[in-house]
Amino acid sequence: MTGIKPLAEGNTWTGARWYDLVDSATGSIRRVFLWQPPGEPPSEGWPVLYMTDGNAVIGTAIDAMRAQACYPSGTNVGWGVLVAVGYPTDDAYDPFRRSWDLGPPPGQSYPPFWEGGKEVRTGGGAEMARCLLEQVRPFVEAQMQVNPAHQGLFGHSFGGLFALWLMFTQPAAFSHWIAASPAITWEDSFLLEHQARFDPGAHRLYVHLSAGEWEGDRLAPFQEGTEDAAARLAEKANTRTISAAQQMAAELADLPGVTVEYETYTGENHMSVLPVAVNRAIQRVFALS
């Protein structure tokens, strides 16, 4: 093990082990969930999938891996390491912390999530990226043999925004980039400025963009006729989750060395899309052929 020592550690009911790592620069604590497959690693090391919103996704990811990797000839999924970065809470999300961590700079300020709460800030993405690449990754590599050339990053919503921003600014960081329902138009679509400067160089990248069927210009059936239907439609016109992701996928496909796939998940909304998207990340990052 390296000099990176967890503040606390334990096991989850899913079979993962968690570690509370202290950010060396800020002192903030992030909970890292780590799951290692059975058996010996291949000679080149295990492939790895890193995920944001770790508390919400680790259980789904482990179940998807265990159900498919044991039957590779029928699923095309092999074993690999799962790393999910979250927070020291029993809840699925820490909305205050994730707003800062997953919002790329420069960021903005917003009203508190709840009465008497703190002002919500975005813009801490560079801090999160540094922690992920300079602390979490070395910590994982000290625990087990991994393949540095085959590692993916998955993010949903703000996590998808973070993943795309990191790809545009540090394309060598990962080989596979999976952004589900990414908040591309967030804060006046500043992400598109990074895309305009994006140069993958000699790196060969796989990019998967996706969104749920009910993230386009139509309401989900259960939302039709509700009191807030008009407000929801107006918000959809601003966020344009499906069309923005489709357009970005089409533009990235023109770049040399970049393989892009876009997918709309039938019958899913912004939140229900999460387990489907996590499963797809497993299938793409750990594909055998």
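**A buried histidine and the overall fold**

Not counting residues up to four places away in sequence, His-208 touches Trp-177, Ile-178, Ala-179, Glu-261, Glu-263, Tyr-265, Arg-280 and Arg-284. This residue is found in strand E10, and His-208 counts as buried because its relative accessibility is 1%, below the 20% cut-off for burial. The model is predicted. The chain contains 10 helices and 11 strands.

**Overall dimensions**

- The radius of gyration of the chain is 19 Å, which agrees with the value near 19 Å for a compact globule of 289 residues.
- Taken along the principal axes, the C-alpha atoms fill a box of roughly 55 × 45 × 40 Å.
- Of the 289 residues, 52% count as buried.
- Among contacts between residues at least 6 apart in sequence, 70% join residues at least 24 apart.

- Strands of a sheet pair through backbone hydrogen bonds, in either a parallel or an antiparallel arrangement.
- Strand E2 (residues 17–22) pairs with strand E3 (residues 29–35) in the antiparallel sense over 6 bridges, and Val-22 stands opposite Ile-29 in E3.

- Strand E4 is mostly covered, with 6 of its 6 residues buried.
- Both faces of E4 are covered: one side carries Trp-46, Val-48 and Tyr-50, the other Pro-47, Leu-49 and Met-51, and all of these are buried.
- E4 runs parallel to E8, to which it is joined by 5 bridges; Tyr-50 stands opposite Leu-153 in E8.
- E4 also runs parallel to E5, with 4 bridges joining the two; Met-51 stands opposite Ala-84 in E5.

**Helices against the sheet**

**Nonpolar cores**

- The largest nonpolar core has 50 residues, and Leu-132 and Val-136 have the most contacts inside it.
- Helix H5 (residues 158–169) supplies the largest share of this core, 9 residues.
- Leaving aside neighbours within four places in sequence, Val-136 is in contact with Leu-21, Val-32, Tyr-50, Val-83, Val-85 and Cys-131.
- A second, separate core of 28 residues includes Met-65, Val-273, Ala-281 and Phe-286.

- Asp-101 is found in helix H3 (residues 95–102).
- With a relative accessible area of 1%, Asp-101 is buried.
- Beyond its neighbours within four places in sequence, Asp-101 is in contact with Arg-30, Tyr-87, Gly-124, Gly-125, Glu-127, Met-128 and Phe-162.
- The side chains of Asp-101 and Arg-30 are joined by a polar contact of 2.9 Å.
- The side chain of Asp-101 makes another polar contact, of 2.7 Å, with the side chain of Tyr-87.
- Asp-101 and Gly-216 are 115 residues apart in sequence and 26 Å apart in space, C-alpha to C-alpha.

**Ala-64 in helix H1**

- Ala-64 has its place in helix H1 (residues 54–69).
- Ala-64 counts as buried because its relative accessibility is 10%, under the 20% limit that defines burial.
- Leaving aside neighbours within four places in sequence, Ala-64 is in contact with Asn-279 and Ile-282.
- Ala-64 and Val-276 are 212 residues apart in sequence, and their C-alpha atoms are 9.7 Å apart in space.

How values were computed:
Residues numbered from 1 in each chain as written. Predicted model: local features only at pLDDT ≥ 70, side-chain atom pairs only at ≥ 80, totals over all residues. Heavy atoms only, no water. Core = buried A, V, L, I, M, F, W, Y, C linked by side-chain atoms within 4.5 Å. Buried < 20%, exposed > 50% of the residue type's maximum accessible area, 1.4 Å probe, protein only. Contact = heavy atoms within 4.5 Å. Pairing = 2+ DSSP bridges. Polar contact = N/O pair within 3.5 Å; in protein donor to acceptor, adjacent residues only side chain to side chain. Rg over C-alpha atoms; globule rule 2.2 N^0.38 Å.
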